[in-house]
Amino acid sequence: MSDSAELSSKYVLQTVGFDARFPNQNQTRNCFQNYTDYFKCISAKGEDYAPCKQFKKAYNSLCPNEWIGKWDEQRESGTFPASLEP
């Protein structure tokens, strides 16, 4: 089995479904909201709580990797611009 065939059998690519809270084309707020919702969810329920993973899948699909990296750094340094408390 080739590397690409093996890789494609491990991952299923899907786009995020429609969210009525964000009806417009610009998905910046949707990206940010899913990012904050994920960390609020794991703060309240723990990292193993399966429903939290939907937020992570959504922000990984919607957000540029550069933004995620910047926000991760801000969370770690305590300078993230939003509350992540549940």
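Tyr35 and Phe39 are four residues apart in helix α2, so about one helical turn separates them. The model examined here is predicted: local features require pLDDT of at least 70, side-chain atom pairs count only at pLDDT 80 or more, and totals for chains, interfaces and linings use all residues. Residues are numbered from 1 along each chain as its sequence is written, and side-chain values use heavy atoms, with hydrogens and water left out.

The chain has four helices and zero strands, where helices (H or I, at least four residues) and strands (E, at least two) are DSSP runs numbered from the N terminus. The order of elements from the N terminus on is α-α-α-α. Of the 86 residues in the chain, 24% are buried; the term buried denotes a relative accessible area under 20%, exposed one over 50%, and partly exposed a value in between (1.4 Å probe, protein chains only). Among the contacts (heavy atoms within 4.5 Å) with a separation of 6 or more, 60% involve residues 24 or more positions apart.

A pair of aromatic rings is described by the distance of the centres and the angle of the planes. Rings of Phe, Tyr and Trp (its six-membered ring) are taken to pair if their centres lie within 6.5 Å; planes under 30 degrees apart count as stacked, over 60 as edge-to-face and the rest as tilted. The count by this rule is 11 aromatic pairs. One of them joins Tyr35 and Phe39 in a tilted arrangement, with 4.9 Å centre to centre and 55° between the planes. Both residues are buried: Tyr35 has 0% relative accessibility, and Phe39 has a relative accessible area of 12%. Tyr35 also pairs with Tyr59; the ring centres are 4.9 Å apart and the planes stand at 70°, so this pair is edge-to-face. The pair connects distant parts of the chain, since Tyr35 belongs to helix α2 and Tyr59 to helix α3, 24 residues apart. Tyr59 is likewise buried, at 4% relative accessibility. Ring pairs join Phe32, Tyr35, Tyr38, Phe39, Tyr59, Trp67, Trp71 and Phe80 into a cluster.

Charged side chains also lie over aromatic rings, a placement that requires NZ of Lys or CZ of Arg within 6 Å of the ring centre and within 35 degrees of the ring normal. Arg75 is placed over the face of Phe39, at 3.7 Å from the ring centre, and Lys45 over the face of Tyr49, at 5.5 Å from the ring centre.

Helix α4 spans residues 65–77. Its 13 residues reach 18 Å from the first C-alpha to the last, close to the 18 Å expected at 1.5 Å a residue; the expected span is 1.5 Å times one less than the number of residues. Ile68, Trp71 and Gln74 are the buried residues of α4. Viewed down the axis of α4, these buried residues fall within an arc of 125°, so they line one face of the helix; the arc is that of the directions from the helix axis to the C-beta atoms. The buried residues of α4 pack against α2 (28–45) and α3 (52–62). On the face turned away from this buried side, α4 carries the exposed residues Asn65, Glu66, Lys70, Glu73, Glu76 and Ser77. Gly78, with a positive phi near 80°, follows the helix.

Other positions in helix α2 include Thr36 and Ser43. Thr36 is buried, its relative accessible area being 4%. A polar atom of the Thr36 side chain lies 3.0 Å from the backbone oxygen of Gln33. Apart from neighbours within four places in sequence, Thr36 contacts Phe80, Ala82 and Leu84. Ser43 is partly exposed at 42% relative accessibility and, not counting residues up to four places away in sequence, touches Leu84 and Pro86. The C-alpha atoms of Ser43 and Leu84 are 7.8 Å apart, although 41 residues separate the two along the chain.

The loop between α2 and α3 contains Pro51, which is partly exposed with a relative accessible area of 48%. Pro51 and Tyr38 are 13 residues apart in sequence and 9.3 Å apart from C-alpha to C-alpha.

Note on methods. A polar contact is a pair of N or O atoms within 3.5 Å; within protein, one must be able to donate a hydrogen and the other to accept it, and residues adjacent in sequence count only if both atoms are side-chain atoms.
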